[in-house]
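Subject: Structure handover and findings

Dear colleague,

Here is the structure I promised to pass on to you. Please open it beside this email, so that you can follow each point on the screen as you read.

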Amino acid sequence: MARKTPEELRSHRWYGAQDLRSFGHRSRTAQMGFDASDYRGKPVIAIVNTWSDINPCHTHFKQRVEDVKRGVWSAGGFPVELPAMSLSEPFQKPTTMLYRNLLAMETEELLRSYPIDGAVLMGGCDKTTPGLLMGASSMDLPALFLPAGPMLRGHWGGTTLGSGSDTWKYWADLRAGKITQQDWQEIENGIARSPGHCMTMGTASTMTSAAEALGVTLPGAASIPAADSRHAVMGAHTGRRIVDMVWDDVRLSTILTRTAFRNAITTVLALGGSTNAIIHLIAMARRIGVNLDLGDFDELARRTPLLANIRPSGTYLMEDFFYAGGLPALLHNLGELLDTSARTANGATLGENVATSTVFNDDVIRSRDNPLVESGTLAVLYGNLAPDGAVIKPPAAEARLHRHSGPAVVFENYDDMAARIDDPDLVVDENSVLVLKSAGPQGAPGMPEWGQLPIPKKLLEQGVRDMVRISDARMSGTSYGACVLHVAPESHVGGPLALVRDGDVIELDVAARRLSLAVTDEELEKRRADWQQPAAKYGRGYGALYLQHILQANEGCDFDFLEAGVPTPEPEIH
């Protein structure tokens, strides 16, 4: 393919014409201290930066953006930093998932409305990766993703701590009286000690690894710890590469194929990655018209081994994973389970990128001959309780619960659960099935990570550490347990979950991929006739827009009007 000429650059429409409007563009660029030689005939590269003072995962992005700019300048481009909404997983309420689509919309419109030829997308905290890539995909310019990188290991009293996973573990121990309040304070002070996102295989590392497997990062980018100087080097390499991608017109649509998405799914499964990846990858695929659904995940899960020995499914953390060879080494070990002919953003195939990758610790990154789990790191369930599907991570649950039948203990919403879960009079035992309603895309709203319902305190004190829990919510990738998630349709819109009552017997059979409510169809119809949809949570603003257009979990939770369709026209420049 012939390289673009300067006159073919998108930014030329702003800077290259000889009219009154272009006079304004050039004079105002001079106002910012740039000479025409800085930008004339050069690709304008947007660096979409999701830094903010309240996003701990991205605290290093103030410096990292300068590293990217250095790379862009050295390759003959003109970098412009465009701040975008910062989705801070620990702080933003009710959930960052409510705002993923808003970030996607902002990213798309930033790239469309300004004189941008290509983009570096800076993210990593859970929803920023899919949000940025969804928006950039809809705009379909050359773009590269720069992952934030995981934080360093946590420490407490000689114990290595993993973000999220150990939070849930020690919180349960505190409630059960196994550790002291002083212990809990020391854990709080030692669990997150550097810039970067969660260093377990939570949603952040899952999605940045998926992005690398998709081919929209440079090789190895997802595994480098945020605090490592090699992360700054990767930023500069990314800035240099995006300039060449503009000249060669390497657009996201040429990389994000169905083959690439199936490679990403296989990678997520081999990592023991977050169930959140299901929603995000489906949404990303539907943005560009790629057919991807729950069936792809269940099909690939049946053949993909768990090779990454990383918490919560394994033992180690992302820093160990990086030292063991990182994602390229794991992709190399997957071999023919991947389609290695897929093209990637650096111009090579996936196979070429990982051909010489080496595993330096075969307990951290296992071979296919010695997996942690042979297959089935994810299961998609169907039945009269989940007509459109639900999901579970079998390795994260106690094996005895993979086939289970028990009476429902129903919570109508999160507040109801929080008020009653530790009530000594709650009618519950280790065989009960905890059910949470009104936690889905519309019901919460935003589908928060409430799916790892807490074990009732009186059961914790008896030594119970896992129970079957069912909801239309999501769950943090750092979480674990026999949690059935993403039940669709959700209860808020009248899905069967809305009709469950205390004492109803629920049957879970992971091997059979079945989730059933042992209630007759006639009884369910009677209950449906009495059911009333809860009132909407928002009557104005973004929340109202969200409620009117959000899709269900099995469809990716995107807005219906943002999926692939008639291309949006380029802006008029008058």
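I begin with a pair of helices: helix 5, which covers residues 100-113, packs with helix 12 at an angle of about 35°, and their axes are 13 Å apart. Please keep in mind throughout that this is a predicted model. The crossing of helix 5 and helix 12 is right-handed. On the side of helix 5, the contact is made by Arg-100, Ala-104 and Glu-108, while helix 12 contributes Ile-279, His-280, Ala-283 and Arg-287.

The buried residues of helix 13 pack against helix 11 (258-271), helix 12 (276-287), strand 7 (379-383) and strand 8 (386-392). Which residues of helix 13 are buried? They are Leu-294, Asp-296, Phe-297, Asp-298, Leu-300 and Ala-301. Because 6 of the 8 residues of helix 13 are buried, this helix is largely enclosed by the rest of the structure.

The axes of helix 7 (residues 165-175) and helix 8 (residues 181-190) come within 10 Å and cross at roughly 165°. Since angles over 145 degrees count as roughly antiparallel, helix 7 is therefore roughly antiparallel to helix 8. The crossing of these two helices, helix 7 and helix 8, is left-handed. Helix 7 makes the contact through Thr-167, Tyr-170, Trp-171 and Leu-174, and helix 8 through Gln-181, Trp-184 and Ile-187. Among the residues of this contact, 5 are nonpolar and 2 are polar, with no charged residue.

Staying with helix 8, you can compare its two sides. Its buried residues are Trp-184, Ile-187 and Gly-190. These cover an arc of only 135° around the axis, and so they lie on the same side of helix 8. On the other side of helix 8, Gln-181, Glu-188 and Asn-189 are exposed. What covers the buried residues of helix 8 includes strand 5 (154-156) and strand 6 (159-161), together with helix 7.

The bond from Ala-444 to Pro-445 is cis, with omega near -5°, and Pro-445 lies in the loop between strand 10 (433-436) and helix 18 (457-460). The bond from Ala-488 to Pro-489 is cis, with omega near -5°, and you will find Pro-489 in the loop between strand 12 (483-484) and strand 13 (505-509).

Finally, please look at two residues for their phi angles. Arg-513 is not a glycine, although its phi is positive, at about 60°. Arg-513 is placed in the loop between strand 13 and strand 14 (514-517). Is Arg-513 buried or exposed? With a relative accessible area of 14%, Arg-513 is buried, because buried means under 20% relative accessible area. Cys-557 is not a glycine either, and its phi is positive, at about 55°. Cys-557 is found in the segment after helix 20 (541-549), and at 2% relative accessibility Cys-557 counts as buried.

With best wishes

Terms used: Residues numbered from 1 in each chain as written. Predicted model: local features only at pLDDT ≥ 70, side-chain atom pairs only at ≥ 80, totals over all residues. Heavy atoms only, no water. Axes fitted to C-alpha atoms, helices over the stretch in contact; angles between N-to-C directions. Helix = DSSP H or I, 4+ residues; strand = E, 2+ residues; numbered from the N terminus. Parallel < 35°, antiparallel > 145°, perpendicular 65-115°, else oblique. Left-handed = near helix turned anticlockwise from the far one by under 90°. Contact = heavy atoms within 4.5 Å. Nonpolar A, V, L, I, M, F, W, Y, C, P; charged D, E, K, R; others polar. Buried < 20%, exposed > 50% of the residue type's maximum accessible area, 1.4 Å probe, protein only. Arc of directions from axis to C-beta.
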